[in-house]
Amino acid sequence: MENNLYYSGTSFVIGNKTYNTYLCAGQRGRGKTTWWLETITERAVKDILKNGDNYSKRKFFFVRREEKQLQLVFAKGLYNGVRNKSPDFMKGYVEECNGGDIYFTKDKKKIHVGYYCDLNTVKGISVEDADVMLFDEYIEPTRGKYKGGEGGIHEPEMFARLDETLFRNRDNWIVMLGNNDSPTNPYNEYFGIPYGLKSWRDKKRGIFYEFDSSDAMTEFKESTSTGRRWKGTEYGDYSNGKKSLGEVSNDLICERPPQAILLYNLKVNGTYLTVWQDTETLINYVTDDCKIDKKKPIYSVTTDDMSINTYFVSFNSSFIKINKMHYGRGLTRFNSQKTATLFMIMLSLVN
């Protein structure tokens with residue numbers, strides 16, 4: 001991407017035959033949602049004005065995780081960002097969002113451009129005139145915010161059901177946008193997007209992922225009152241895309257020492273972790289870059305379908321609590337932020 005002030009698009013385009021799913025995470029305030037909302041709305045308006053509403057096939061769905069999130073967006077104005085960015089495009093248009101429909105009204109002519117819904121809308125809806133879905137804020141700061149419970153591992157399947165319900169296996173394109181709110185998230189894990197990459201593509205499944213940030217935006221934000229106030233803090237680094245909001249302290253990220261011995265293996269969300277201990281300091285080192293030792297215990301925190309392994313929780317609650325106490329005493333280290341996040345999933349399973 002160009003290193004400019006605001007997000008200005010990407011090589012992914014609606015209608016691409018190779019890639020039909022676009023995920024973009026990164027720096028706050030870059031205007032990703034504004035850019036994409038304008039793009040898909042203009043696409044819908046042009047098609048409707050050219051072919052008529054009865055023949056339109058290019059409307060869109062705007063999706064947020066919860067109904068209350070949608071209502072907050074509408075209360076502030078869904079198109080406020082677009083209005084500020086592109087006043088010529090919005091001139092004379094008034095948007096109206098009600099009953100699940102999004103309208104543009106100009107000169108008393110109401111144009112139906114799309115729909116809105118949340119992730120609970122998984123039954124009874126099928127449309128023939130929409131082929132795009134914009135899922136805004138797909139990343140949450142904490143696992144408990146995702147739908148479906150159990151650390152968010154079920155939400156991608158809820159989203160998949162919504163996708164199939166809305167489009168009924170017709171050609172469609174999905175755009176998923178989020179901030180750098182967590183080192184890893186259920187969607188990146190579900191799609192198998194490698195941790196820490198700035199750009200990644202899977203041509204076979206049509207998935208296109210990239211991380212978006214701009215030095216120009218960082219400089220601009222740090223010149224404002226808010227940016228100056230939080231410059232150099234963890235929040236300032238998060239806001240500018242330098243670190244995730246949910247990261248553990250970088251003081252806990254290090255390589256395991258050679259004298260550490262392997263204690264046991266963990267399997268979390270399809271990733272194998274090994275836990276080692278320095279017997280002199282009693283510090284545990286959790287890593288995902290070592291082969292598991294099948295002669296040592298293998299604890300499957302999640303099952304093959306990434307749901308929580310209830311047998312593991314039932315029989316190993318004391319084991320989890322011991323690890324939580326060990327971490328609380330400052331005696332746990334990780335080889336990466338991804339490893340730390342996966343380990344924290346296990347610790348969150350008991351109080």
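**Entry 1: helix H11.** I began with the face of H11 turned away from its buried side, where I found the exposed residues Ser318, Met325 and Gly328 (exposed means over 50% relative accessible area, buried under 20%, partly exposed in between, with a 1.4 Å probe and protein chains only; helices, H or I, of at least four residues and strands, E, of at least two are DSSP runs numbered from the N terminus). I note that this is a predicted model, in which local features need pLDDT of at least 70 and side-chain atom pairs count only at pLDDT 80 or more, while totals for chains, interfaces and linings use all residues. Residues are numbered from 1 along each chain as its sequence is written, and side-chain values use heavy atoms, with hydrogens and water left out.

I then listed the buried residues of H11, which are Phe319, Ile320, Asn323 and His326. Seen down the axis of H11, its buried residues fall within an arc of 120°, so they line one face of the helix; the arc is that of the directions from the helix axis to the C-beta atoms. Just after H11, I found Gly330 with a positive phi of about 80°.

**Entry 2: Lys59.** I placed Lys59 in strand E2, residues 59-64, and noted that Lys59 is buried, with a relative accessible area of 1%. A polar contact of 2.7 Å joins its side chain to that of Asp53 (a pair of N or O atoms within 3.5 Å; within protein, one must be able to donate a hydrogen and the other to accept it, and residues adjacent in sequence count only if both atoms are side-chain atoms). Lys59 and Ala44 are 15 residues apart in sequence, yet 5.0 Å apart in space, C-alpha to C-alpha.

**Entry 3: Asn309.** I found Asn309 in the loop between strand E13 (298-300) and helix H10 (310-315), where Asn309 is buried, with a relative accessible area of 16%. A polar atom of the Asn309 side chain lies 3.1 Å from the backbone nitrogen of Tyr311.
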